[in-house]
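Here is a short briefing on one structure. Please look over the sequence and the fold before reading on.

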Amino acid sequence: AEKLINVHLFALAVKYYSLSHLGVCTPLEELLKALGGDNQGSTGIKTDEFMNNKKSHEVQVMSELVDKIANYCGIKQVIDIGSGKGYLSSFLSMQYNLKVYGIDSSNINTNGAHERNRKLKKHWRAYQSRARANPKSQRLEKANDSPVQNEIKFKAVNERTLNNSCLQSQDQRTTQDLVPSCVFTEVTTSETSKQTEIDLVAQAQCNESELSEEALAILNVLPADAVEIFSSSQCNSEELCEEEKAQRKMASIKAKASKSSESNLYFPLTSYITAETELGDIITDLEDCIMVGLHTCGDLAANTLRIFTAKPEIKAVCSVGCCYHLLSEQYENQEDCTEEVWGFPMCQYLKDKGWCCGRNARMSACLLPTDSLFYRAVLQVIIEENYGVTKSERHVGKIFSKSSSFLDYVRKSLKKLELDDSKVSHSCIMDYYEKYKHRMNELEAFNMLKVVLAPCIEVLILLDRLCYLKEQDNIAWSGLVKLFDPVKSPRCYAVIALKK
């Protein structure tokens, strides 16, 4: 019988408890600065040429961060959980020379990723031609950027002086005790096993200053040994110009460095991942690595964090979850479930409280169009009044997008639910539609209230995951980072952690 008295106050309360207002997130800019390295970003493949705007934005932002974490930790292997069609995996491999294993439960996705990656390598010459065509604009862009980069470097030096070192040795202190604005500063690590590669890269960097913008843009597109860079029939070796000689020398150096580290490879694999999955059984040459997940669905996001904390080889994690409505809950419908590992709650703090969200709350965290909700709501009335069914183990799923009309939607839904659709005539179905269509504005208002509430539910789920990481003894730093523009990608928050 309770009513929402003041919608404005409700909206203000929800806003107060959103991640952006709670002050628990680490700004992406601070994290990138703390990780150190080159702040100019990479040049080469433009993702918007073979991805939609949303995916392009996600892949560019996340891959830059993953590359910086990998460099900071001194690792070259990446495991992409729930890799799907391999957008992130292939870009990390081609653009950043990382050795990536993309694991997905769907054979269709894995095969598609294989084919897509093959086509990307095949069309690299098109990118090469475009890079050659506009070297002047690249020089102008770099010239314009240089004052900003100098300012960033100056600030970074000052911050290091003020903060000293946030990531000291394991026995001294951990970064999770520090305020988010500090995060951690760069520390040097010695890796004698990779000295050959470092020397080669250093030599390459000396040569890079002598190369034209064209050569650098070309070589950044794909790993040097991914394709044959030059054909011997193209020109006589005695007639090579200085630029071509420099390009060949650069390609040779990068090829040697690449082979010495066995990087710039992408392997799509098919496997169903759970919290108990032994990665060594899937990846035979598993080594120190970073685990990533871009919009991992339901429990997969939670299991990614569990695998990260349990496996010593995984030194860092960067996980962006989605599909909260598919999370399994420990304290929901306990009599129907026999699972031991749950998607929610993860942290002991909420487990001790026996906390339960419930499917309605989790569904509220999903942004759904009003039209599909209206179709589903009227369908529910039809099913209850004509079939006497109030609960079913089967789900309607994504039928709305495949339906040409409400009538088509109802027919397809009844068949999927294994109900006899001959019991209701066309006219009967349309009578229900006409009866309730004037109330669509009520449903729209109700849906907007759910949309307003969604950030609150998301906060609870994300803080549960962060709290779980804070409870672990082997984590040096963990945080929540707003990774994407929420207008382009509403599921924009990443859970990131580094081990001691």
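What follows covers an open sheet, one arginine and several salt bridges.

This is a predicted model, in which local features need pLDDT of at least 70, side-chain atom pairs count only at pLDDT 80 or more, and totals for chains, interfaces and linings use all residues. Residues are numbered from 1 along each chain as its sequence is written, and side-chain values use heavy atoms, with hydrogens and water left out.

**The sheet**

- Seven strands form an open sheet with mixed pairing, in the order β3-β2-β1-β4-β5-β7-β6. Helices (H or I, at least four residues) and strands (E, at least two) are DSSP runs, numbered from the N terminus. Two strands pair if DSSP finds at least two bridges between them.
- β3 (266-270) and β6 (475-482) are the edge strands; each has a single partner, so one side of each lacks a neighbour in the sheet.
- From one strand to the next, the twist averages 15°.
- β4 (residues 289-297) and β5 (residues 314-322) run parallel, joined by eight bridges. M291 stands opposite V317 in β5.
- Helix α5 (residues 87-96) packs on the sheet and touches β1 (77-81), β2 (99-104), β3 and β4. Its direction makes about 170° with that of β2. Contact means heavy atoms within 4.5 Å. Axes are lines fitted to C-alpha atoms, for helices over the stretch in contact, and angles run from 0 to 180 degrees between N-to-C directions.

**R362**

- R362 sits in helix α15 (residues 359-364). R362 is buried at 3% relative accessible area. Buried means under 20%, exposed over 50%, partly exposed in between (1.4 Å probe, protein chains only).
- Its side chain makes polar contacts with the side chains of E329 (2.6 Å) and E332 (2.7 Å). A polar contact is a pair of N or O atoms within 3.5 Å; within protein, one must be able to donate a hydrogen and the other to accept it, and residues adjacent in sequence count only if both atoms are side-chain atoms.

**Salt bridges**

- The structure holds twelve salt bridges. Each is a side-chain nitrogen of Lys or Arg within 4 Å of a carboxyl oxygen of Asp or Glu.
- R362 and E332 form one of them, at 2.7 Å between the closest N and O atoms. E332 lies in the loop between β5 and α14 (348-352) and R362 in helix α15, so the pair ties together parts 30 residues apart in sequence. Both residues are buried.
- E458 bridges to R491 at 3.6 Å. E458 is in helix α19 (residues 440-470) and R491 in the loop between β6 and β7 (493-499), so this pair ties together parts 33 residues apart in sequence.
- K54, K55 and E58 are linked in a network of salt bridges.
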